[in-house]
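Please look over the sequence and the model shown below.

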Amino acid sequence: MAISVNPSVIALVGTGWKSIGGQLLASGVLLLSGYQDIGLRTRMGAAFGFFMAIAFGISALITAVRANLSYAAVICVAVLCSETVLILGWWLRRTSA
């Protein structure tokens, strides 16, 4: 399936938003990878995936602040808080079982 992107949308969004979106996407993918590693009982792989997910989230937040995109910074903070809550919940549930 081909996805077409209107050039005016790209101009409206700008490079800062694309960079932040890519970093948040990578953060989400790494979060899911870490969750899968917990299911496979590979703690080191899960810890690395979670660490990298948080690192990409922080990188997106720094990019949003430097680009002076206040709404993006709020979104990044919300994503980081959500990821932290999910990671702690998964990790505590896994270690208590």
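Read along the sequence, the protein chain of this predicted model follows the pattern α-α-α, and its secondary structure comes to 3 helices and 0 strands, where helices (H or I, at least four residues) and strands (E, at least two) are DSSP runs numbered from the N terminus. Residues are numbered from 1 along each chain as its sequence is written, and side-chain values use heavy atoms, with hydrogens and water left out. Because the model is predicted, local features need pLDDT of at least 70 and side-chain atom pairs count only at pLDDT 80 or more, while totals for chains, interfaces and linings use all residues.

**Chain as a whole**

- Of the contacts (heavy atoms within 4.5 Å) between residues at least 6 apart in sequence, 66% join residues at least 24 apart.

**Helices H2 and H3**

- Helix H2 (residues 43-66) packs with helix H3 (residues 70-96) at an angle of about 165°, and their axes are 8 Å apart; axes are lines fitted to C-alpha atoms, for helices over the stretch in contact, and angles run from 0 to 180 degrees between N-to-C directions.
- The two helices are therefore roughly antiparallel to each other, given that angles under 35 degrees count as roughly parallel, over 145 as roughly antiparallel, 65 to 115 as roughly perpendicular and the rest as oblique.
- Among the residues that make this contact are Phe50, Ile54 and Leu61 of H2, and Cys76, Leu80 and Trp91 of H3.

**Cysteines**

- A disulfide is a covalent bond between the sulfur atoms of two cysteines; here the count comes to 0 disulfides, taking a disulfide as a pair of cysteine sulfur atoms within 2.5 Å.
- Cys76 is buried, with a relative accessible area of 1%, whereas Cys81, at 48%, counts as partly exposed.

- Asp37 has its place in helix H1 (residues 7-39) and counts as buried at 18% relative accessibility; leaving aside its neighbours within four places in sequence, Asp37 is in contact with Thr42, Gly45 and Ala46.
- Asn68 lies in the loop between H2 and H3, where Asn68 is exposed, with a relative accessible area of 68%.
- Most residues other than glycine have a negative phi, but Asn68, although not a glycine, has a positive phi of about 60°.

Technical notes. Buried < 20%, exposed > 50% of the residue type's maximum accessible area, 1.4 Å probe, protein only.
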